[in-house]
Amino acid sequence: MTTIDHRRVAATGVSTAFGTFGELLQGVLPEDDGDFLVTLPVARWSTAHFELTPDETGLTVGPVHKKKALRLARMILDDAGRPGGGVLRIDSTLPEGKGLASSSADLVATARAVANALGEPMPPRRIESYLARIEPTDGVLYPAIVAFHHRSVRLRARLGSLPPMTVVGIDEGGAVDTVAFNAIPKPFTAADRRDYARLLDRVTRAVDRQDLAEVGRVATESARMNQVLRHKRSLEPMIRMCEELGGLGVVIGHSGTSLGILLDTTAPDNAARLAATAQRCQELEGNVTIYHTLSFH
């Protein structure tokens, strides 16, 4: 009988992870490790392809600047006791530095792809343990809207899913380094922290009731509270525009440069409202991108 040493067999793994349009809510709760966010998953993805090359020693990544994903792949290979190298390629439809969870999606897709190549399980808790050693992370590991402690990389709660929404997004330009942003001391008072706890309770109930209008109100309030950390010049004009056009609310990349108006995709007049909103956003900032939220069942 011939015994195959699976540690020396070439293998390929492919996997994906979705991104987010910023966060419905992000702030600090009145408790230890209180930094948290609530995700807004959208139909944009990062795809990771990993080819294990047991007879080689190098590990490479493309694009070459995806160093965090390269570090993660090496961590997983080392923990699995797998010698050799590999080639990691990441293809993403998420712009970087805009607050759309591009880095988190890259890393989650990478962890899953490397695990697929190794034939090993890679449940969310295992991914969290790796990502906690690399950087603050969005909760894109879970197919749901979740409350997530992004600095310590741990799930707080699965809130559920919502009916489809459209996000009419603009970008104020530039890019934000997530690690640097999360290192900024939060100037929130004890009263602010209590407000964030109330907002988390409100959005939790809103998701449970499928109340899109309340979700939009919470998102708008969170965007306003974030101005002390990452000011967005277009926020108040976007809020006025949203109110005039009958949008649900304004959502932002709290650690990025993106802002968006939430619309109810199922509303009878959605097509006309979408066109009017896109036109007004174009006039405001000169760029518009349409995103669609993900619903999970």
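Before clicking anything, a word on burial: a residue is called buried under 20% relative accessible area, exposed over 50%, and partly exposed in between, using a 1.4 Å probe and protein chains only. This is a predicted model, where local features need pLDDT of at least 70, side-chain atom pairs count only at pLDDT 80 or more, and totals for chains, interfaces and linings use all residues. Residues are numbered from 1 along each chain as its sequence is written, and side-chain values use heavy atoms, with hydrogens and water left out.

**Stop 1: salt bridges**

Here a salt bridge is a side-chain nitrogen of Lys or Arg within 4 Å of a carboxyl oxygen of Asp or Glu. By that rule there are 23 salt bridges. Helices (H or I, at least four residues) and strands (E, at least two) are DSSP runs, numbered from the N terminus.

Select Asp-171 and Lys-98 to start. They form a salt bridge, with the closest N and O atoms 2.8 Å apart. Asp-171 sits in strand 7 (residues 165-171) and Lys-98 in the loop between strand 4 (85-92) and helix 2 (102-118), so this pair ties together parts that are 73 residues apart in sequence. Is Lys-98 buried or exposed? At 14% relative accessibility, Lys-98 counts as buried, while Asp-171 is partly exposed at 21%.

Now pick Arg-151 and Asp-35. The closest N and O atoms of this salt bridge are 3.6 Å apart. Arg-151 is in the loop between strand 5 (145-149) and strand 6 (154-160), and Asp-35 is in strand 2 (residues 35-53), so the pair ties together parts that are 116 residues apart in sequence.

Next, jump to Arg-224 and Glu-236, a salt bridge whose closest N and O atoms are 2.9 Å apart. Arg-224 belongs to helix 6 (residues 212-225) and Glu-236 to helix 7 (residues 235-245), twelve residues apart. Both ends are partly exposed: Arg-224 has 40% relative accessibility, and Glu-236 has 32%.

While you're here, select Arg-202, Glu-214, Arg-217 and Glu-221 together. Salt bridges that share partners join these four into one network.

**Stop 2: the largest pocket**

Pockets are found on a 1 Å grid over the protein atoms alone: a pocket is an open set of points where a 1.4 Å probe fits, with protein on both sides within 12 Å along at least five of seven lines, and lining residues have an atom within 4 Å of a point. Grid points are joined across faces, edges and corners, and a volume is the space filled by probe spheres set on the points.

The largest pocket has a volume of about 430 Å³. Show Lys-68, Ser-102, Ser-103, Glu-135 and Thr-178, which lie nearest its centre among the 25 lining residues. Helix 1 (67-80), helix 2 and helix 4 (178-182) each give two or more residues to this lining. Which element gives the largest share? Helix 2 does, with five residues.

**Stop 3: the second largest pocket**

Finish at the second largest pocket, with about 160 Å³ of space. Helix 6, helix 7 and strand 8 (249-252) each give two or more residues, and helix 6 gives the largest share, four residues.
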